[in-house]
Structures are given as structure tokens and as C-alpha cells.
Amino acid sequence: MASGFCQTLMVSAKPVALFGAMDPPPFGQADLFRLAGWLIVPFVVLLVIFATLVWPLQDLPLY
């Protein structure tokens, strides 16, 4: 799950770093954390749905 949220740090993704370094900056680190807070809920829900419904349909084990 951490790979999906690497964009919440200003230095972890090149486009985020490039746009965040503009003058004036369009967003800051606090904005990225706030966005991640909103996105974690649907991200976890989708992960659970795929883990319990989609993966078993593909004959993949749950463990």
C-alpha cells in the first residue's frame, strides 16, 4: 500500500517535486498529506474488494 502513497512526499515523485517547486507553489506538503488522508479509505476498500472477490476468481490463493 505504501507504493500507492509515495506521492504524499514532496521528494518522492518527480512530477510532484517539479510542480511543488513552482513559484508560487500550487500545493505544499500539508496539502499532499490531506489528499492522502482522503484517498486512503477508498484505496483500502478497493484493496479488500479485489483481495476477496477478484483474486479468488483468478484461482489465486488468499494467503
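**Ground rules.** I number residues from 1 along each chain as its sequence is written, and side-chain values use heavy atoms, with hydrogens and water left out. Because the model is predicted, local features need pLDDT of at least 70, side-chain atom pairs count only at pLDDT 80 or more, and totals for chains, interfaces and linings use all residues.

**Salt bridge.** I looked for a side-chain nitrogen of Lys or Arg within 4 Å of a carboxyl oxygen of Asp or Glu. The count came to one salt bridge. Its partners are Asp 31 and Arg 34, with the closest N and O atoms 2.4 Å apart. Both residues lie in helix 2, three residues apart, about one turn of the helix. Helices here are DSSP runs (H or I, at least four residues), numbered from the N terminus. Side chains of opposite charge can pair when their charged atoms come close.

**Accessibility.** I sorted residues by relative accessible area: buried is under 20%, exposed is over 50%, and partly exposed is in between (1.4 Å probe, protein chains only). Asp 31 has 32% relative accessibility, so I put it down as partly exposed. Arg 34 has 48%, so it is also partly exposed.

**Leu 35.** I found Leu 35 in helix 2, which covers residues 29-57. Its relative accessibility is 47%, so Leu 35 counts as partly exposed. I then checked Leu 35 against Thr 8: they are 27 residues apart in sequence, and their C-alpha atoms are 7.8 Å apart in space.

**Pro 24.** I checked the peptide bond from Asp 23 to Pro 24. The bond is cis, with omega near -5 degrees. Pro 24 sits in the loop between helix 1 (14-20) and helix 2.

How values were computed: Helix = DSSP H or I, 4+ residues; strand = E, 2+ residues; numbered from the N terminus.
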